[in-house]
Amino acid sequence: MSFYNATGYIVGNYGYVLKSIDSGTSWNQISTGFNSSFNTVNIIDDNNIILSTSNSIVKTNDGGTTWESLGIPNTAVIKTSFTSSLVGHAVCNNGIILKTIDGGQNWYITKDDSNISPSDYFTVYFVNENIGLAAREHDYMYKTTDAGETWVEISGTSQAIFDFHFLDENNGFATGEYGATYKTNDGGTTWEQI
């Protein structure tokens, strides 16, 4: 689920997409024309929405009137995070983080943990166009400050992290396995369990 102003989208299996234009008061099912199972919805603005599957993105630049599908060269995408209609990141279940700078036409590897076991990534989240976080099995976390070109390991949690949410560059939260919830006030350098 994701919202931009009053517009929200919920995505699910077999191409299931719901859209709200009234802050979630009512929802209508819409069709993208694709029946893949979606794992992420990224709303860039009123017109640009990017959904992802395990091996593709499905995007619109006209508010959902028309949709196109573009393949991702790694068929194990778990989640994506787009910071604009052109720049996006994908974490995969085989230790790979990918980046696109042309709206999904081309992708390249920015982190490769495929020689580590276990190596599956769980989530990726960008605070802004430069600062992002990613988490992988078991309790490994990584941070980037250069728009995902390089990733540095950070620590401070003892459970696997499944999601991040930041209020600004310093203040954020992480949730994960067994209901674990953490907060940081220094951009992820240290984490306190709450």
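## Sheet pairing and backbone exceptions

Strand 1 and strand 2 (residues 7-11) run antiparallel and are joined by three bridges. This is a predicted model. Within this pair, Phe3 stands opposite Gly8 of strand 2.

Both strands belong to an open sheet of four strands, ordered 1-2-3-4 and paired in antiparallel fashion. The edges are taken by strand 1 (2-4) and strand 4 (28-30); each has a single partner strand, so one side of each is without a neighbour in the sheet. On average, neighbouring strands of this sheet are turned by 25° against each other, direction ignored.

Two loops of this region hold residues with a positive phi. Asn5 is exposed, at a relative accessible area of 62%. Ser23, in the loop between strand 3 (17-20) and strand 4, is likewise not a glycine and has a positive phi of about 60°. Ser23 also counts as exposed, with 52% relative accessibility. Most residues other than glycine have a negative phi, and most peptide bonds are trans.

| Cis peptide bond | Omega | Loop holding the second residue |
|---|---|---|
| Glu137 to His138 | near -25° | His138: between strand 14 (132-136) and strand 15 (140-144) |

Technical notes:
Residues are numbered from 1 along each chain as its sequence is written. This is a predicted model: local features need pLDDT of at least 70, side-chain atom pairs count only at pLDDT 80 or more; totals for chains, interfaces and linings use all residues. Side-chain values use heavy atoms; hydrogens and water are left out. Two strands pair if DSSP finds at least two bridges between them. Axes are lines fitted to C-alpha atoms, for helices over the stretch in contact, and angles run from 0 to 180 degrees between N-to-C directions. Buried means under 20% relative accessible area, exposed over 50%, partly exposed in between (1.4 Å probe, protein chains only).
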